[in-house]
Amino acid sequence: VPSGTCGVEGFTLKKGSGTFTPMPGNGTYGGGVLSYQSSPIIKGNVIDSCGVATVLDFSGGGAIACYGGSPVIDGNTITAGTSQCGGGIYLYQASATIRNNRIIGCYPNAESNQTKYGGGVYALHAPVSFERNRIENNDGYKKGAGVYLYLSPASFERDTIALNDGGETGGGIYADHSALAI
């Protein structure tokens with residue numbers, strides 16, 4: 001898909017399990033959508049019950065995983081996404097715009113002792129602009145049950161981040177070495 005064109009628009013995606021890949025580390029990524037080094041517009045989709053969170057393997061982006069590029073994620077409803085990091089959205093080295101989305105009820109595998117960060121959104125080395133999102137009721141993540149940011153500057157404008165359960169810290173937002181504009 002050429003950069004800046006609609007990569008995925010108006011679909012209902014249910015129970016996708018993702019793709020096993022070695023990027024950025026061995027694991028399963030993108031239960032609904034996987035974007036690699038591209039800049040798609042992911043718009044107006046319903047992404048429900050996607051992802052995988054096994055006890056042994058790493059997983060990122062239950063609903064959406066973006067590695068590189070400048071994706072625009074706009075107007076989606078993401079529910080019940082599951083992965084160890086980024087139950088809703090996983091970003092790695094991507095400069096993303098996330099706006100007008102509902103990211104609700106994402107969770108990790110409760111039996112796993114692996115990293116469990118970023119229930120709604122997980123960003124690593126990924127600047128993010130958030131606008132008018134509802135990120136709610138994401139549960140079971142150790143840090144940043146709503147949003148987890150590491151080395152990822154972020155701006156928030158008129159977002160609702162509520163009722164997320166961060167087991168250790170940052171139920172709403174956890175930011176480590178990440179500048180925030182709220």
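Two strands count as paired if DSSP finds at least two bridges between them. With that rule in hand, welcome to a predicted model whose chain has 0 helices and 24 strands. Helices (H or I, at least four residues) and strands (E, at least two) are DSSP runs, numbered from the N terminus.

Residues are numbered from 1 along each chain as its sequence is written, and side-chain values use heavy atoms, with hydrogens and water left out.

**The chain as a whole**

- The C-alpha atoms fill a box of roughly 40 × 35 × 25 Å, taken along the principal axes.
- Of the chain's 182 residues, 52% count as buried; buried means under 20% relative accessible area, exposed over 50%, and partly exposed in between (1.4 Å probe, protein chains only).
- Among contacts (heavy atoms within 4.5 Å) with a separation of 6 or more, 82% come from residues 24 or more positions apart.

- Thr 77 has Arg 102 as its bridge partner in S14.

**The sheet from S5 to S23**

- Another open sheet of 6 strands runs in the order S5-S9-S12-S15-S19-S23, with parallel pairing.
- Strand S5 (33–36) and strand S23 (173–176) stand at its edges with a single partner strand each, so one side of each has no neighbour in the sheet.
- The twist in this sheet averages 5° from one strand to the next.
- S5 and strand S9 (residues 64–67) are joined in the parallel sense over 4 bridges, and Ser 35 finds its bridge partner in Cys 66 of S9.

**Aromatic rings**

- There are 10 aromatic pairs, where rings of Phe, Tyr and Trp (its six-membered ring) pair if their centres lie within 6.5 Å, and planes under 30 degrees apart count as stacked, over 60 as edge-to-face and the rest as tilted.
- The ring centres of Tyr 148 and Tyr 174 are 5.3 Å apart and their planes are at 5°, so this pair is stacked.
- This pair links distant parts of the chain: Tyr 148 sits in strand S19 (residues 147–150) and Tyr 174 in strand S23, 26 residues apart.

**Nonpolar cores**

- A nonpolar core is a set of buried Ala, Val, Leu, Ile, Met, Phe, Trp, Tyr and Cys residues joined through side-chain atoms within 4.5 Å.
- The largest one has 28 residues, and Ile 64, Ile 78, Ile 89, Leu 91, Ile 98, Val 121 and Phe 130 touch the most other members.
- Strands that each supply at least two residues of this core include S9, S12, strand S13 (96–99) and strand S15 (121–124).
- Not counting residues up to four places away in sequence, Ile 98 touches residues including Ile 73, Val 128 and Glu 131.
- A second, separate core of 12 residues includes Tyr 29, Ala 65, Tyr 92 and Tyr 122.

- Ser 83 lies in the loop between strand S11 (77–79) and strand S12 (89–92) and is buried, with a relative accessible area of 1%.
- The side chain of Ser 83 makes polar contacts (pairs of N or O atoms within 3.5 Å; within protein, one must be able to donate a hydrogen and the other to accept it, and residues adjacent in sequence count only if both atoms are side-chain atoms): the backbone nitrogen of Gly 61 is at 3.4 Å, and the backbone oxygen of Gly 86 at 3.0 Å.
- Pro 22, in the loop between strand S3 (19–21) and strand S4 (27–29), is exposed, with a relative accessible area of 58%.
- Glu 131 is in strand S16, and its C-alpha atom is 5.9 Å from that of Phe 156, 25 residues apart along the chain.

Key. Predicted model: local features only at pLDDT ≥ 70, side-chain atom pairs only at ≥ 80, totals over all residues. Axes fitted to C-alpha atoms, helices over the stretch in contact; angles between N-to-C directions.
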